[in-house]
Protein chains: 2
Amino acid sequence: VKGFDMDNRYAIGIDLGGTNLKGIVMDEQGQWDHLTRIPTEAHLGGAHVLERILELIEALLSKHGRRDDVVGVGIGSPGFIDRDGTVLGGAENIPGWKGTQVFAPVQQRFGLKAVAGNDVTVAALAEARFGAGRGINNMVLLAMGTGIGGGIVSNGHVYMGTHGMAGELGHIPVQRDGLLCTCGQRGCVEQYASGSGMVKNAYIIAAQAGPQEQTPFVNHVLYSGEPVTAKSVYEFVENGSDPVALRYHEYIMERLARAIGIVLNAFAPDRVVLGGGVMRSEKVILQTLARQVPNHCWAAIWERTDIVAAQCGQDAGVLGAAALIFDKFNACAPQ
Amino acid sequence: VKGFDMDNRYAIGIDLGGTNLKGIVMDEQGQWDHLTRIPTEAHLGGAHVLERILELIEALLSKHGRRDDVVGVGIGSPGFIDRDGTVLGGAENIPGWKGTQVFAPVQQRFGLKAVAGNDVTVAALAEARFGAGRGINNMVLLAMGTGIGGGIVSNGHVYMGTHGMAGELGHIPVQRDGLLCTCGQRGCVEQYASGSGMVKNAYIIAAQAGPQEQTPFVNHVLYSGEPVTAKSVYEFVENGSDPVALRYHEYIMERLARAIGIVLNAFAPDRVVLGGGVMRSEKVILQTLARQVPNHCWAAIWERTDIVAAQCGQDAGVLGAAALIFDKFNACAPQ
């Protein structure tokens with residue numbers, strides 16, 4: 001049941017990042033055009049960033065060439081944006097963004113409805129509509145970048161909680177008395193399986209290696225002077241012959257598997273999609289998770305789900321932001 | 001947006017328990033009548049239980065006096081029932097129930113659509129429509145009985161996952177290397193904060209009390225010969241002067257608070273509703289959780305939610321089962 005006829009209608013999607021603003025014009029089938037990128041200039045403050053968003057919308061409308069078939073603007077943003085368009089926080093890389101009212105200026109200047117979602121939440125919607133979750137009604141995205149974010153699609157619609165804060169799945173504790181997290185808890189999965197967590201634990205595991213275990217992995221991390229990144233350490237894991245690298249990998253994956261097990265038991269989604277830079281090593285990660293996750297959830301749930309890599313890549317944010325407009329208009333429940 | 005006009009239409013709600021079947025006839029506003037209870041006779045097997053359900057539907061239709069304004073039958077059941085009405089398992093107290101096809105016979109014998117949900121899932125819907133979650137779009141119920149079950153209402157609708165398995169929130173591990181759980185994991189919150197978990201941990205904590213700590217709580221649990229129940233141990237907690245009882249309470253609540261924190265970060269619901277027998281001691285439980293839960297979730301989420309006691313009591317199952325028919329008909333997304 002559609003809210004109204006949406007054939008040949010278009011949505012503007014905006015992806016707000018700390019460095020760049022990206023925008024597209026997209027129809028409901030996911031055909032998009034006019035990809036535009038401008039610097040966010042976040043250091044100039046929240047009011048300036050809002051003005052940049054309005055400039056980008058203006059540019060996109062101009063490229064599109066008409067306004068009467070554009071139904072709204074969807075915005076993906078780090079942190080939390082409330083239903084009414086007030087930024088509630090959680091986007092520390094954009095000073096002064098908290099407290100900004102985002103929707104009213106869009107409505108006033110362009111007469112367009114605006115909606116917003118957390119960047120990982122809209123990326124989850126993009127995967128559900130156009131990527132690894134196509135045709136899936138119940139899906140969870142874990143985006144493993146610098147931190148770990150979560151996005152939830154339930155009953156075919158994005159789920160963001162009343163104030164846009166749902167999906168903080170990086171802050172599932174998996175280790176009592178574990179590493180201190182930015183959220184104040186200890187042992188959150190983000191401290192292990194995010195890109196930065198992977199680097200941190202590479203040092204910890206390498207330093208614990210005994211004198212008989214001074215492997216190439218240990219040498220790379222502790223003594224080589226080379227930059228240690230999730231990518232660099234996972235090259236040793238993928239190589240498959242370094243026992244400390246493999247122990248390290250099991251250690252990280254056991255903790256990620258615990259968090260995924262909790263997610264499976266809670267949401268029983270048809271699919272878990274894993275995204276972010278660390279999925280460069282998707283083969284070894286998915287193989288190990290397929291062995292470990294069943295230890296941490298009900299068998300009946302495990303048999304009816306799968307874990308796959310994300311497909312939308314860097315475009316997930318802007319595609320999902322545009323898709324959010326159609327999702328909200330097509331929903332029948334208050335969201 | 002309603003699927004069709006539902007004024008003065010009725011749903012039959014069935015609550016399947018190991019001992020009794022309960023049924024009502026309810027309208028969409030929650031007015032109900034004809035409460036009927038018959039023995040499940042679960043020991044006679046799944047086919048017999050199905051026949052008992054059909055007998056109960058027949059009796060309710062007969063009491064209602066007409067069939068043309070009855071739109072369907074909602075069934076709340078322990079365990080998991082798939083979208084198509086196949087029992088997938090998880091109801092060990094009803095032998096032979098797994099594999100039963102529940103919907104087809106209802107359709108064939110009465111020409112009525114049937115839907116089903118896990119008993120805690122439908123109880124969550126009852127609380128959202130008629131109880132502690134009235135007017136709330138995003139709500140999570142934790143039912144703390146013999147075990148701990150979860151039920152989720154998202155975007156105003158029940159969320160059960162594609163195969164009816166969502167909401168297994170009792171199996172969130174909160175203690176690495178903790179007590180072994182029926183699910184195969186260790187340290188699930190169910191092993192601490194369910195009724196049976198509370199009893200088990202009362203023995204453990206009492207046995208750890210030193211010679212200077214032989215308090216009335218310790219005496220009751222270890223030496224009195226009186227039955228030890230969640231109710232009996234919580235009388236010592238509520239009394240407020242027994243240091244071992246208070247330490248025991250903090251120990252249980254810290255583990256429950258961890259699980260609730262994960263639920264809050266994941267769902268960011270407007271409200272968490274706690275039900276089940278242990279909520280007899282709701283005052284001391286809610287007070288302690290209000291102090292402990294903020295240690296385990298984002299402040300911005302905590303500020304926008306609350307934790308309250310369930311209101312629907314023993315009727316939650318049968319009310320929620322009936323409400324499920326209206327919820328499914330009024331949903332616009334495939335569920």
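A helix here is a DSSP run of H or I with at least four residues, numbered from the N terminus. The model below is predicted.

**Exercise 1. Find what surrounds the largest cavity.**

Task: State how many cavities the structure holds, then describe the lining of the largest cavity.

Solution: 
- Step 1. Count. The structure holds 5 cavities of 30 Å³ or more.
- Step 2. Take the volume. The largest cavity has about 150 Å³ of space.
- Step 3. List the lining. From chain A come Pro173(A), Val174(A), Gln175(A), Arg176(A), Arg258(A) and Ile262(A). From chain B come Pro173(B), Val174(B), Gln175(B), Arg176(B), Arg258(B) and Ile262(B).
- Step 4. Look for helices. Helix H8 (243-267) of chain A supplies at least two lining residues, and helix H8 (243-267) of chain B also supplies at least two.
- Step 5. Sort by class. The lining has 6 nonpolar, 2 polar and 4 charged residues.

**Exercise 2. Relate the two chains.**

Solution: 
- Step 1. Check the contact surface. Both copies use the same surface: 100% of the contact residues of chain A recur in chain B.

**Exercise 3. Trace the sheet that contains S1(A).**

Task: Give the strand order of this sheet in chain A, its edges and the helices that pack on it.

Solution: 
- Step 1. Read the order. The sheet is open, has 5 strands and runs S3-S2-S1-S4-S7 in chain A, with mixed pairing.
- Step 2. Find the edges. Strand S3 (32-39) and strand S7 (113-118) of chain A each pair on one side only.
- Step 3. From one strand to the next it averages 20°.
- Step 4. Inspect one pair. Strand S2 (residues 20-27) of chain A and S3(A) run antiparallel, joined by 6 bridges. Asn20(A) has Pro39(A) as its bridge partner in S3(A).

**Exercise 4. Describe a hairpin in chain B.**

Task: Describe how S2(B) and S3(B) pair, and what lies between them.

Solution: 
- Step 1. Get the sense. Strand S2 (residues 20-27) and strand S3 (residues 32-39) of chain B are antiparallel, with 6 bridges.
- Step 2. Pick a pair. Met26(B) stands opposite Trp32(B) in S3(B).
- Step 3. Examine the turn. The hairpin has 4 residues between its strands, and Gly30(B) in the turn shows a positive phi of about 95°.

**Exercise 5. Trace the sheet that contains S8(A).**

Task: Give the strand order and explain why S10(A) and S12(A) have a side without a neighbour.

Solution: 
- Step 1. Read the order. This open sheet of 5 strands goes S10-S9-S8-S11-S12 in chain A, again with mixed pairing.
- Step 2. Explain the edges. Strand S10 (157-159) and strand S12 (306-309) of chain A each have a single partner strand, so one side of each has no neighbour in the sheet.
- Step 3. Neighbouring strands are turned by 25° against each other on average, direction ignored.
- Step 4. Inspect one pair. Strand S9 (residues 148-154) of chain A runs antiparallel to S10(A), with 3 bridges. Val153(A) stands opposite Val158(A) in S10(A).
- Step 5. Return to H8(A). This helix packs on the sheet, touching strand S8 (139-144), S9, strand S11 (271-275) and S12 of chain A. The direction of H8(A) makes about 155° with that of S8(A).

Notes
Residues are numbered from 1 along each chain as its sequence is written. Chains are lettered from A and ligands numbered from 1 in the order in which they are written. This is a predicted model: local features need pLDDT of at least 70, side-chain atom pairs count only at pLDDT 80 or more; totals for chains, interfaces and linings use all residues. Side-chain values use heavy atoms; hydrogens and water are left out. Contact means heavy atoms within 4.5 Å. On a 1 Å grid over the protein atoms alone, a cavity is a set of points where a 1.4 Å probe fits but cannot get out, and a pocket is an open set with protein on both sides within 12 Å along at least five of seven lines; lining residues have an atom within 4 Å of a point. Grid points are joined across faces, edges and corners, and a volume is the space filled by probe spheres set on the points. Ala, Val, Leu, Ile, Met, Phe, Trp, Tyr, Cys and Pro count as nonpolar, Asp, Glu, Lys and Arg as charged, and the others, Gly among them, as polar. Two strands pair if DSSP finds at least two bridges between them. Axes are lines fitted to C-alpha atoms, for helices over the stretch in contact, and angles run from 0 to 180 degrees between N-to-C directions.
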